[in-house]
Amino acid sequence: MNQVKKLVKSVSLAVELRSLARKRQLGHDSHIAVLAPPSPHKNRGDEALLRAFLSGLSDRGITAEIFATGQGSLDFLTDFESFPQHRETYPAFTSEHAHFERIGVLRKLVSAREVVLIGADVVDDGYGTSRSHASLKVMEYCGAMGVPTRVVSFSINETPSRQLATRFERLGKHCRVFIRDPISSARLSSLQGISITDAGDLAYLLKPASNTSIPVDVRQFAEAAGGQLIGINLIGKVLGHGSLLQERFRLFSEAACRLAKSDGLRFLLIPHDD
């Protein structure tokens, strides 16, 4: 029975993609479809990437539609009101079994000028194969429909497995992957038939906040430190939990104290997640 279901889904997908490809040949709109990071509502890095990209589009007068790839991930986004938001599309990007949800998203994406996935490291296997598989499938199918795709501000945590490499190679020349660091670029250099471009992080496009928006005590601390201030982003995925968290934080604290005494450095801890 499972094999029959898989066959039916494969056939229906093939028919749908063929139909959408014909629709694409008749023309498309001028907007950019933005596939948002999964957690901009609680992850400062995801929020920075999304806001930088949307601000860049808005400043250039480019229209966009925003698609959620995580549950509740766009609920916080009350600005950019001119950009329509699709908040219930996330199952297509989180589950490789969300067949009908994926077709529904493809029907919306086929009219876009191009589709941009703000990747960070969420489509490598570090955050689970299901999200990686599902998200890259959407990009692959967009290519099959004739829609140009981009993965921007992308990095990869380790050398890709053969399965992940295959998923990237299936994207083909319809997709350009913009890598934000040279280590990730080297890790993907062996992939065949994929367009890779070295680029900076989208967060560099953010406009600095005014000094008045920074808490007074933080501003005074930074001004007193002068050029000897280092911002450090602490994340539970790196530090671990329980006794491992305590031990790693102890080592981190000791190292910071030594650097403060020997080199006069000061440290500002920056939250990674709310």
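I began with helix 1, in which Leu13, Glu16, Leu17, Leu20, Ala21 and Arg24 are buried. I take buried as under 20% relative accessible area, exposed as over 50%, and partly exposed as in between, with a 1.4 Å probe and protein chains only. The model is a predicted one: local features need pLDDT of at least 70, side-chain atom pairs count only at pLDDT 80 or more, and totals for chains, interfaces and linings use all residues. Residues are numbered from 1 along each chain as its sequence is written, and side-chain values use heavy atoms, with hydrogens and water left out.

**Entry 1. Helix 1**

I looked up the extent of helix 1 and found residues 2–25, which is 24 residues. Helices (H or I, at least four residues) and strands (E, at least two) are DSSP runs, numbered from the N terminus. From its first C-alpha to its last, helix 1 reaches 35 Å, close to the 34 Å expected at 1.5 Å a residue. The expected span is 1.5 Å times one less than the number of residues. I then asked what covers the buried residues of helix 1. The cover includes helix 4 (99–109) and helix 5 (129–145). After helix 1 comes Gly27, with a positive phi near 130 degrees.

**Entry 2. His31**

I placed His31 in the loop between helix 1 and strand 1 (32–35). His31 counts as buried because its relative accessibility is 7%. Not counting residues up to four places away in sequence, His31 touches Thr63, Ala64, Glu65, Ser111, Ala112, Arg113 and Glu114. Contact here means heavy atoms within 4.5 Å.

**Entry 3. Salt bridges**

I recorded eleven salt bridges in the structure. The criterion is a side-chain nitrogen of Lys or Arg within 4 Å of a carboxyl oxygen of Asp or Glu. Side chains of opposite charge can pair when their charged atoms come close.

I inspected Glu47 and Arg51, whose closest N and O atoms are 2.9 Å apart in a salt bridge. Both residues lie in helix 2 (residues 44–59), four residues apart, about one turn of the helix. Glu47 is partly exposed at 24% relative accessibility, and Arg51 is partly exposed with a relative accessible area of 22%.

I next took Asp59 and Lys207, whose side chains meet in a salt bridge at 3.9 Å, N to O. Asp59 lies in helix 2 and Lys207 in the loop between strand 7 and helix 8, so the pair ties together parts that are 148 residues apart in sequence. Asp59 counts as exposed at 55% relative accessibility, and Lys207 is exposed with a relative accessible area of 67%.

My last pair was Arg87 and Asp75, joined by a salt bridge of 3.3 Å, N to O. This pair links distant parts of the chain, twelve residues apart: Arg87 is in the loop between strand 3 (85–86) and helix 3 (91–94), and Asp75 is in the loop between strand 2 (64–67) and strand 3. Arg87 is partly exposed, with a relative accessible area of 33%. Asp75 is partly exposed, with a relative accessible area of 47%. I also noted that salt bridges with shared partners join Glu47, Arg51 and Asp79 into one network.

**Entry 4. Asp201**

I located Asp201 in the loop between strand 7 (195–198) and helix 8 (216–225). Asp201 counts as buried because its relative accessibility is 18%. A polar contact of 2.8 Å joins its side chain to that of Arg180. A polar contact is a pair of N or O atoms within 3.5 Å; within protein, one must be able to donate a hydrogen and the other to accept it, and residues adjacent in sequence count only if both atoms are side-chain atoms. A polar atom of the Asp201 side chain also lies 2.8 Å from the backbone nitrogen of Ala203. Leaving aside neighbours within four places in sequence, I found Asp201 in contact with Leu49, Ser153 and Arg180.

**Entry 5. Phe267**

I found Phe267 in strand 9 (residues 266–271). Phe267 touches Phe221, Leu229, Ile230, Ile232, Ala256 and Leu259, not counting residues up to four places away in sequence. The C-alpha atoms of Phe267 and Ala112 are separated by 44 Å, the two residues being 155 residues apart along the chain.
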